[in-house]
Amino acid sequence: MDRITSFSVDHDFIDPGIYVSRIDGDITTYDLRTRKPNAGDYMDNITMHTVEHMLATYFRNSEIKDDVIYFGPMGCQTGFYLLLRNADNEKTLAVLKDCLSKVLSYEGKVFGAERKECGNYENLNLDAAKVECRRYLSALNEKEQTFTYEKTL
């Protein structure tokens, strides 16, 4: 059986950042890695869930909204996947940073926090999402993003 692309990357060499995980035709899958894998520091469910609600809403209301196919968390609790049609890496990074900044400045109710809007609507916390978004934005700003993984298997 063929190894899937995401299992072909040496996760011990992934730092927080943005990576192109794969390209399928006109669809780019971005690995938005908010935490270092296998380091014992994982997002809890409330953080992951809330960041998903907030960033999914901001991405789908941004200048790239017509190209957003999917945004959601990784099961390993170290980041998110963003799938875009006709992606441009630098534009994607700029929009990502803008969306993270919007979460940080947002005051109000978490998007989609009603029972009829979400299957676990009580499991949301804006302050937890802000901590994660601040941490990730800082990591993105600390070094130039190359969009490529350091080491593959």
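In this predicted model, R35 counts as buried, because its relative accessibility of 8% falls under the 20% limit. The partner is D41, and the closest N and O atoms of the pair are 2.8 Å apart. D41 itself counts as partly exposed, at 32% relative accessibility.

D41 has a further partner. R135 forms a salt bridge with D41, with 2.2 Å between the closest N and O atoms. This pair links distant parts of the chain. R135 sits in helix 3 (residues 126-142), D41 in the loop between strand 2 and helix 1, and 94 residues separate them. R135 is partly exposed, at 36% relative accessibility. Together, R35, D41, E132 and R135 are linked in a network of salt bridges.

The whole structure holds 12 salt bridges. One of them joins D26 and R85, whose closest N and O atoms are 3.5 Å apart. D26 lies in the loop between strand 1 (17-24) and strand 2, and R85 lies in strand 4, so the pair ties together parts that are 59 residues apart in sequence. Both ends are partly exposed: D26 has a relative accessible area of 37%, and R85 has a relative accessibility of 32%.

Strand 4 (residues 79-85) also pairs with strand 3 (residues 68-73). The pairing is antiparallel and runs over 5 bridges. Within it, F71 has L82 of strand 4 as its bridge partner. The hairpin of these two strands has 5 residues between them. Q77 lies in that loop. Its phi is near 65°, a positive value in a residue other than glycine. Q77 is partly exposed, with a relative accessible area of 29%.

N38 also has a positive phi, of about 55°, although N38 is not a glycine. N38 is placed in the loop between strand 2 (27-33) and helix 1 (45-59). N38 counts as exposed, because its relative accessibility of 56% is over the 50% limit.

L96 belongs to helix 2 (residues 89-105). At 1% relative accessibility, L96 counts as buried. Beyond its neighbours within four places in sequence, L96 is in contact with I18, L32, F59, Y136 and L140. Y58 is 38 residues from L96 in sequence, and their C-alpha atoms are 9.1 Å apart in space.

How values were computed. Residues are numbered from 1 along each chain as its sequence is written. This is a predicted model: local features need pLDDT of at least 70, side-chain atom pairs count only at pLDDT 80 or more; totals for chains, interfaces and linings use all residues. Side-chain values use heavy atoms; hydrogens and water are left out. Helices (H or I, at least four residues) and strands (E, at least two) are DSSP runs, numbered from the N terminus. Buried means under 20% relative accessible area, exposed over 50%, partly exposed in between (1.4 Å probe, protein chains only). Contact means heavy atoms within 4.5 Å. Two strands pair if DSSP finds at least two bridges between them. A salt bridge is a side-chain nitrogen of Lys or Arg within 4 Å of a carboxyl oxygen of Asp or Glu.
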